[in-house]
Amino acid sequence: MDKNQATGLILFAAVILVYSIFFASTPEIPPVETETTTETTAGETLQPVAPTEPIAQNDSTLDADRVAKYGALAPLTLGEEELFTLENEQIEIAISNQGGLIEEVILKAYKSRDGGPLVLFDQETSGMNLILPGTQEPIHLKDLYFKAKATSSESEEGKKVSNLTLQASTESGSITQTFSLAEDSYEVHRTLKIEGFQTIFTGSEVTFNWEDQIRAHERDLAESRRQTQLNYYTSEGAFDNLGVGDDSESENIEAPVKWIGFSQRFFTAAIITEQEFRNVSISQSTPSDSSFVRNMQTSLAIPMENGELAYSHYFGPDKYKVLKNVTEGFEENVDMGYFFVSWVNKYIIVNLFEFLEKFFNNYGVIIILIVFLIKLALFPLTYKSYIGMAKMRVIKPEIDELKEQYGDDPTKMQQEQMKLFSKLGVSPISGCLPLLLQMPFLFAMFFFFPNAIELRQESFLWAKDLSTYDEFIKLPFTIPFYGSHVSLFTLLMTISQIVYTHFNNQLTTAAGPMKNLGYIMPVMFMFILNSYPAGLSFYYFVSNVVTFGQQALIKLFVDDEKIRKKVEENKVKNATKKKSKFQQRLEDAMKAAEANKKK
């Protein structure tokens with residue numbers, strides 16, 4: 001959900017709530033032959049790769065232009081491209097011996113919208129390149145060919161690590177790249193080391209360029225584009241992005257950057273450093289081709305120290321807890337909402353989902369259980385809210401009398417109401433405040449469900465995918481602000497909210513037109529949520545049903561006569577009670593306002 005939309009919905013819902021309470025198929029890549037070496041830690045030196053046989057400068061295969069352009073590197077520009085795989089149970093990465101380019105990434109645990117393997121990107125849609133500073137002109141690493149060798153090692157945590165080493169050597173020096181992928185990880189660690197070639201390479205920074213045409217992996221293209229953006233995190237601890245507009249956007253980031261993420265709705269491809277990236281430029285645009293979500297690009301400088309550099313890539317799902325363990329601030333790629341609701345998602349909902357996933361594999365059932373657990377935890381607030389509304393209901397005759405006496409004088413009416421509330425020991429906000437305390441849970445779901453990868457391609461009842469709308473009926477026409485389909489979960493949510501509003505109106509002192517105000521919000525949300533995830537509408541539907549049941553149960557055990565008796569006792573008790581300083585100041589202020597009004 002766009003944050004601007006969320007802000008509008010939250011403000012609208014808050015106003016209505018308060019107002020109503022008060023007033024009413026990927027090609028197969030041949031695997032590299034693997035040689036396993038025994039190592040105690042991932043940091044130990046790999047077995048050396050046999051150097052490329054040097055080719056004499058007068059070799060007939062090297063033309064004069066090639067030698068003039070690349071010098072001692074000229075022999076390394078001759079070769080034949082091969083692809084090698086680096087993989088674990090989660091991910092498969094194809095790496096080319098030409099420049100060490102990452103050509104393709106497949107996420108094994110996920111499927112594309114057509115049911116095939118989920119290819120995060122391939123050589124047709126994405127291009128990476130490292131550019132080394134040269135004495136005459138920059139050297140593009142993709143112009144050089146390397147020899148590859150695969151090994152395995154063990155990390156300090158005891159996990160198996162798959163390594164791919166690419167090395168290109170001449171008599172003048174060597175360039176060595178290593179790619180490391182631990183089991184159960186979506187992170188690929190990459191190092192580059194240059195030895196020799198003092199007359200070829202200059203400078204202390206390497207330029208990294210990356211362009212990516214992000215394919216549409218989800219059914220709802222509009223929602224995917226709203227949730228796809230280029231994110232980054234600075235060394236100063238600031239998270240930012242280019243936004244989600246349809247226009248082309250670009251930015252030169254002055255501050256050093258820790259990571260840059262091409263973040264889709266449910267997946268992220270990122271480059272990360274433990275040091276910092278400098279001279280970072282980023283851009284994105286929205287293509288007209290519906291098979292692509294966005295085009296993204298970044299160019300940055302990676303500092304080198306003693307001819308070495310290191311950085312990492314993350315290619316994986318936008319699961320909050322997975323991202324949180326990657327690097328500082330990386331979990332921000334999942335939008336958990338504004339600060340006053342994000343804590344609900346980060347510390348409660350995420351953990352509830354993770355816990356319940358251990359026992360249930362049906363996410364419709366998980367959503368129902370989450371509703372019950374949250375409602376159970378918030379039951380004391382629900383009870384206090386009901387009692388507060390009941391007190392207002394039993395003193396309705398006194399309020400009606402005041403309306404008859406002072407209905408033409410709002411200020412006097414308000415003064416007399418406050419006196420009445422004080423005398424009877426009733427607070428007009430006693431029914432409102434508990435509901436307001438529950439609102440963070442209500443609005444947190446606006447952000448959680450549209451971004452919950454757990455619901456992706458999970459079916460429940462008639463909904464084939466809880467992460468998108470359930471198209472129960474396909475309309476032959478489009479209704480403005482509604483769409484060309486009917487979401488049954490949204491319709492059920494609307495009906496349940498209208499029934500709940502009708503029931504709730506019987507418990508309040510609302511009358512006349514104000515009594516019908518609570519019916520506006522459900523109808524508005526029926527239009528708004530029709531194209532939002534079925535999981536969100538289903539959550540609200542179950543929540544309404546459970547809330548209705550809670551209040552019906554409370555009503556069975558709450559006697560209005562006993563509440564009235566308690567109010568009468570307060571009336572006698574407070575008859576001689578002195579006004580508090582706050583009450584006196586408030587009353588004086590209202591009298592002063594009335595006097596100024598008459599002047």
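Visitor: Why does Asn306 count as exposed?

Guide: This is a predicted model, and in it Asn306 has a relative accessibility of 71%; since exposed means over 50%, Asn306 counts as exposed. The residue lies in the loop between strand S17 (292-303) and strand S18 (308-317).

Visitor: What makes the phi of Asn306 worth a remark?

Guide: Phi of Asn306 is positive, at about 55°, although the residue is not a glycine. Most residues other than glycine have a negative phi.

Visitor: Which residue of strand S16 is an asparagine that lies within residues 267-285, and what is its phi?

Guide: That residue is Asn279, which lies in strand S16, and its phi is near 50°, again a positive value in a residue other than glycine. Asn279 has 59% relative accessibility and, because the cut-off for exposed is over 50%, Asn279 also counts as exposed.

Visitor: Is Asp184 buried, partly exposed or exposed, and how do you know?

Guide: The relative accessible area of Asp184 is 48%; buried means under 20% and exposed over 50%, with partly exposed in between, so Asp184 is partly exposed. Asp184 lies in the loop between strand S9 (173-182) and strand S10 (187-196), and together with Glu89, Glu154 and Glu183 it gathers in a surface patch of negative charge.

Visitor: How do you know whether the span of helix H9 agrees with its 15 residues?

Guide: Helix H9 covers residues 410-424, and at 1.5 Å a residue it should span 21 Å; the C-alpha atoms at its ends are 21 Å apart, and therefore the two values agree.

Visitor: Which residues make the nonpolar surface patch of about 560 Å²?

Guide: The nonpolar patch is made by Phe477, Ile479, Phe481, Ile498, Val523 and Phe527. Strand S19 (471-479) and helix H12 (520-528) are the elements that give two or more residues to this patch.

Visitor: Why is Phe481 called exposed?

Guide: Phe481 has a relative accessible area of 80%, and as exposed means over 50%, the conclusion is that Phe481 is exposed. Phe481 lies in the loop between S19 and strand S20 (483-487).

Notes:
Residues are numbered from 1 along each chain as its sequence is written. This is a predicted model: local features need pLDDT of at least 70, side-chain atom pairs count only at pLDDT 80 or more; totals for chains, interfaces and linings use all residues. Side-chain values use heavy atoms; hydrogens and water are left out. Patches are made of residues with over 30% relative accessible area and no salt bridge: like charges are joined within 9 Å, nonpolar side chains (Val, Leu, Ile, Met, Phe, Trp, Tyr) within 5 Å. Accessible areas come from the Shrake-Rupley method with a 1.4 Å probe; for residues, only the protein chains shown count as cover. A salt bridge is a side-chain nitrogen of Lys or Arg within 4 Å of a carboxyl oxygen of Asp or Glu. Lys and Arg count as positive and Asp and Glu as negative; His and the chain ends are not counted. The place of a charge is taken as NZ of Lys, CZ of Arg, CG of Asp or CD of Glu. Helices (H or I, at least four residues) and strands (E, at least two) are DSSP runs, numbered from the N terminus. Buried means under 20% relative accessible area, exposed over 50%, partly exposed in between (1.4 Å probe, protein chains only). The expected span of a helix is 1.5 Å times one less than its number of residues.
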